[in-house]
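Here are some notes for a first look at this structure. Please read them with the model open beside you.

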Amino acid sequence: MGRWIEVGDGVLVRRHEELDLSLGLIAGGRGCLVVDTGGDEAQGAEFAAAVREVTSLPWSVVLTHAHFDHTFGTAAFGECAVWAHPGCAAELEAGGEAQRATWAEHYRTAGRTDIAESIEATRIVLPDRLVRDRAEVDLGGRVVRLLHPGPGHTGHDLVVHVPDAGVVFAGDLVEQGAPPAFEDSYPLEWPSTLGGVAALGASTTVPGHGEPVDAAFVAGQRAELDEVAALCEAVAAGTLTAAEALERSPYPASFTAGALSRAGSR
Ligand SMILES: [Zn+2]
């Protein structure tokens, strides 16, 4: 079950206990835009029902990136436009079944058979409105901007900017309450990509996980990501050992190790 937070006029965040997930809803005069859909079809159905309690406007969906917790709920929204970066579509098509297997196993091992079964039963929906660089979605009296600011948490993150409300939905480019996740990341590029998000000038940034944050939080996270990128570069240059990098990182060792591995693999 989730709870709503209002971060602007007609701009809402649905907070879920599972994975501390944050999903979005932006209402215009003629339509509404749903930001990410949850981690399985049942969670998507619960979110869709919550949206319907807020508005009866026709909806479209935007996916910030291909990770299962942001995309596997899409089928619950039925026939509608689904916006995403082409890399998100490619990853869901090529890697969706692998994500399903990994996460069903994860939840089964954790004793959450209900979630595992729901993930196994989920229909994976591919996005059909592809945004390589930027696009605008007119909701009627409100234009929402979709933007790919560059590689970061993944190679295909899309952020959702609501200029009239001063709100940006940043997907997992920003994370509150836990360190950023590096397993599919571009650690060297992430800081400048986040700089591009900050340059949108939003007063409220909604992370993919955790509570909405202000510009100072985003700047702080960028500074930490800068530190991680510098550590990755120093290890690659041979001026620092991996163990020293783990020691000096602002993040726990397992997270930094992920960043080192991603930076070193390219
Ligand atoms: Zn993610």
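1. A strand here is a DSSP run of E covering at least two residues, and strands are numbered from the N terminus. V143 sits in one of these, strand β9, which spans residues 143-147. Bear in mind that this is a predicted model.

2. Is V143 buried, exposed or partly exposed? Its relative accessibility is 34%, so V143 counts as partly exposed. The partly exposed class lies between the limits of under 20% for buried and over 50% for exposed.

3. Which residues does V143 touch, leaving aside those up to four places away in sequence? They are E136, V137, D138 and P163. As for D9, 134 residues from V143 along the chain, the two C-alpha atoms are 14 Å apart.

4. Next, the sheet. It is open and has 5 strands, ordered β8-β9-β10-β11-β12, with mixed pairing. β8 (134-138) and β12 (204-209) are the edge strands, each pairing on one side only. On average, neighbouring strands are turned by 30° against each other, direction ignored.

5. Strand β11 (residues 167-175) runs parallel to β12, and 5 bridges join the two. E175 has H209 in β12 as its bridge partner.

6. Then the helices. Helix α5 (residues 190-198) packs on the sheet and touches β10 (159-162) and β11. The direction of α5 makes about 165° with that of β11. Helix α6 (residues 215-237) lies across β11 and β12. Its angle to β11 is about 30°.

Note on methods. Residues are numbered from 1 along each chain as its sequence is written. This is a predicted model: local features need pLDDT of at least 70, side-chain atom pairs count only at pLDDT 80 or more; totals for chains, interfaces and linings use all residues. Side-chain values use heavy atoms; hydrogens and water are left out. Two strands pair if DSSP finds at least two bridges between them. Helices (H or I, at least four residues) and strands (E, at least two) are DSSP runs, numbered from the N terminus. Axes are lines fitted to C-alpha atoms, for helices over the stretch in contact, and angles run from 0 to 180 degrees between N-to-C directions. Contact means heavy atoms within 4.5 Å. Buried means under 20% relative accessible area, exposed over 50%, partly exposed in between (1.4 Å probe, protein chains only).
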